[in-house]
2 protein chains.
Amino acid sequence: MLNSVKKIYNKLTYNELVAEKVILIPGPVELSAKVKESQTLAIMVPTDPRFVLTFQRVLRNTRKLFNSENQNAQPFVMSGSGTLGWDVVGANVIRKNDKVLMLNIGYFSSSFTKTLQLYGAEVKELAAQVGETVPLQTIKEELSKTDYKVLCITQVDTSTAVLSDVEGISKIAKEVSPDTLIIVDGVCSIGCETLKFDEWNIDFCLTASQKAIGATPGLLICMASERFLKESFSKRASGMFTSLENWYPIVKGYENGETKYFATLNIPLICTLDVALQEIFAYPGGLEGRIEATRKTSERLHSMLCNELGLKLVPKDTNSTAHGVSVVYHDDPQSIISYLNNNGVIITGGLHKDIKSKCFRVGHMGYSACDPTSGHMRQLTTLIRQTKNLPPQQHLK
Amino acid sequence: MLNSVKKIYNKLTYNELVAEKVILIPGPVELSAKVKESQTLAIMVPTDPRFVLTFQRVLRNTRKLFNSENQNAQPFVMSGSGTLGWDVVGANVIRKNDKVLMLNIGYFSSSFTKTLQLYGAEVKELAAQVGETVPLQTIKEELSKTDYKVLCITQVDTSTAVLSDVEGISKIAKEVSPDTLIIVDGVCSIGCETLKFDEWNIDFCLTASQKAIGATPGLLICMASERFLKESFSKRASGMFTSLENWYPIVKGYENGETKYFATLNIPLICTLDVALQEIFAYPGGLEGRIEATRKTSERLHSMLCNELGLKLVPKDTNSTAHGVSVVYHDDPQSIISYLNNNGVIITGGLHKDIKSKCFRVGHMGYSACDPTSGHMRQLTTLIRQTKNLPPQQHLK
């Protein structure tokens with residue numbers, strides 16, 4: 001195997017090639033051994049009975065992933081990424097001049113706004129200070145003042161590690177503006193933060209395969225409520241591939257064990273997703289157990305970073321601090337990123353324009369955060385501790 | 001390995017599980033051993049120097065795949081499928097009431113029309129009879145009569161196996177309507193039919209990973225001319241994920257060996273595509289050698305089907321008969337499909353509404369068509385010959 005790898009990457013030095021590093025960025029994440037192994041399972045036609053069973057199980061497990069039991073809600077899995085999920089919202093429910101309220105807690109909320117504007121939405125942003133959420137009272141006032149068709153919440157913004165109170169916000173929305181569709185960007189939260197799709201009256205939630213779910217990048221995974229589907233089907237979608245009306249018979253069919261064709265299915269990645277989802281529900285305590293394990297891992301990390309090393313997290317309040325990603329202020333973030341990279345652990349730099357050069361970002365989701373035998377968190381914390389005792393120059397390459 | 005597979009697919013009988021069948025549908029196709037093996041290479045971050053080299057090589061080889069040397073044209077590779085490629089055309093160059101001429105040779109041309117209509121295009125279809133192409137003279141008259149912004153050609157429609165004369169059509173377009181953008185749907189042709197992007201003045205060509213290229217399903221691959229890009233960049237795209245303006249700095253960056261971020265890249269499938277593309281150019285005679293091998297394979301198959309078994313192909317003219325897919329009239333197509341399936345070879349049924357129950361379809365692209373050591377074509381022809389000597393009842397399960 002190594003020989004063929006060497007042939008393929010023949011321009012790299014042997015050291016660059018064999019030095020497998022631990023990936024601790026906020027996605028793509030490290031894969032478990034089983035998920036890795038599953039990558040070769042997947043040479044099947046879409047009508048293969050094994051694939052039908054696989055996709056059926058994936059869709060059923062996707063319902064569980066979103067805590068949804070309502071059979072009129074529908075999960076969708078398609079080739080793409082989280083970004084395509086914003087397009088799915090725009091293409092299916094936005095008509096020209098529709099009013100959208102966006103709770104902006106970072107870089108990804110801003111991109112979500114830009115996407116919906118492409119579909120003609122009039123987006124009002126309530127922007128939080130960096131590291132903060134929008135106060136519930138402000139949201140309540142805004143929703144009372146104007147009729148919004150859509151309310152968008154980024155559950156965790158990967159650029160700030162701020163965690164939104166989706167439950168609190170959706171309660172308010174239901175109270176003061178019950179007709180507003182509640183959309184959640186769950187890219188950096190599904191699988192590592194609690195989201196109760198049915199109970200919290202969520203209408204649409206999107207996520208991607210390469211984060212807390214622990215699969216490979218390349219899939220958009222989403223869940224739509226009956227109300228969202230009804231609104232989608234009431235107009236012609238402004239896209240072919242993004243149209244839920246086109247995908248609905250396909251996913252409904254596979255869930256019932258029947259094959260249907262609309263566009264080519266991403267068979268290999270769906271097979272990998274299947275194993276990743278099975279692993280989530282086989283974990284002690286299932287999905288909740290994984291979320292709890294991720295929470296504990298992040299609390300230990302944050303305690304070390306803040307109490308032991310005196311660093312400061314970007315999120316200002318522990319109640320609105322994410323558990324699958326940490327964004328940490330640092331005087332010289334590049335030095336710590338380089339030191340870790342040179343010693344086998346990949347973390348990454350800032351993304352949000354206001355704090356880009358002032359922080360580093362670490363992902364701790366999925367296998368790395370939930371399976372202590374991976375040793376990834378120990379490796380991370382050991383290296384971060386070492387940076388404390390080095391003069392700044394030595395951090396650098 | 002078998003144990004873990006058995007555990008995953010535990011509802012299937014052992015026979016269903018181990019009976020690996022040869023896939024000869026018009027995509028997804030069988031993978032070569034090297035492409036299969038490459039599926040496990042891909043646990044990398046987007047900034048990994050190995051991935052940067054990989055994606056760089058993929059993009060450079062994609063230019064060669066389309067026979068394009070013009071550095072102002074640009075290849076793109078994104079998560080998706082051929083269907084998303086139609087959206088890319090719509091989102092980037094179609095404005096409300098733009099005139100489009102669609103040469104309709106089957107099911108996929110019709111879907112392309114529907115997609116562009118979603119973006120506001122006024123589409124005029126010149127529809128060929130089933131099995132035929134639109135006469136060049138008719139195209140010439142139509143292009144002379146009306147100013148079309150866009151002309152769409154399906155090089156091979158998988159529902160009819162009709163092959164368009166893209167060179168001839170584009171020559172006419174250049175002559176009578178030089179400002180018209182020429183778009184080619186090359187999903188079932190790139191890698192197994194000749195397309196000269198620069199020489200034939202093509203402005204946009206889309207294809208997908210799971211057909212003649214011989215990789216796994218899940219990627220949209222396309223090539224845009226300078227003129228197409230200019231038109232795209234002159235308006236705001238009507239989609240975020242589909243916007244070439246958003247992807248341009250990313251693919252340009254990776255081609256130059258730099259990493260840039262817009263949306264999550266499909267790292268595992270790009271690595272698989274890399275190996276598939278390398279295999280194409282390592283084939284004796286390179287891309288042309290593969291195309292020639294596919295042509296010879298299809299000619300042998302067609303001779304057997306028509307001369308020996310007396311069957312009739314759907315395409316009426318050998319000059320407009322595709323080489324990577326065969327659509328064959330048959331009195332009882334389901335019997336032949338079942339017989340082959342029961343004996344280890346998967347082919348498929350009709351798709352075009354007018355001939356759905358009157359034909360079967362066979363794919364012969366990539367590894368199966370180009371590497372005689374696969375034995376796939378021999379297996380196929382042996383089984384088809386056997387059906388001739390069986391009474392109709394015995395074909396069925």
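Start by colouring the two domains of chain A, whose bounds come from an automatic or database domain assignment: domain 1 covers 2-33 + 285-388, and domain 2 covers 41-282. You are looking at a predicted model, where local features need pLDDT of at least 70 and side-chain atom pairs count only at pLDDT 80 or more, while totals for chains, interfaces and linings use all residues. Residues are numbered from 1 along each chain as its sequence is written, chains are lettered from A and ligands numbered from 1 in the order in which they are written, and side-chain values use heavy atoms, with hydrogens and water left out.

Next, select the residues where the domains meet. Here 32 residues of domain 1 are in contact with 34 of domain 2 (heavy atoms within 4.5 Å). The domains bury about 2,700 Å² between them, 62% of it on carbon and sulfur atoms; this is accessible area (1.4 Å probe) that two parts lose on being put together, summed over both. On the domain 1 side, show Leu287(A), Arg290(A) and His352(A), which lose the most area to domain 2, together 21% of what that side buries.

Then display Lys316(A) and Glu132(A). Their side chains meet in a salt bridge at 3.1 Å, N to O (a side-chain nitrogen of Lys or Arg within 4 Å of a carboxyl oxygen of Asp or Glu). The count between the two domains is one salt bridge.

Finally, colour the domain 1 side that touches domain 2 by class: 15 nonpolar, 12 polar and five charged residues. Ala, Val, Leu, Ile, Met, Phe, Trp, Tyr, Cys and Pro count as nonpolar, Asp, Glu, Lys and Arg as charged, and the others, Gly among them, as polar.
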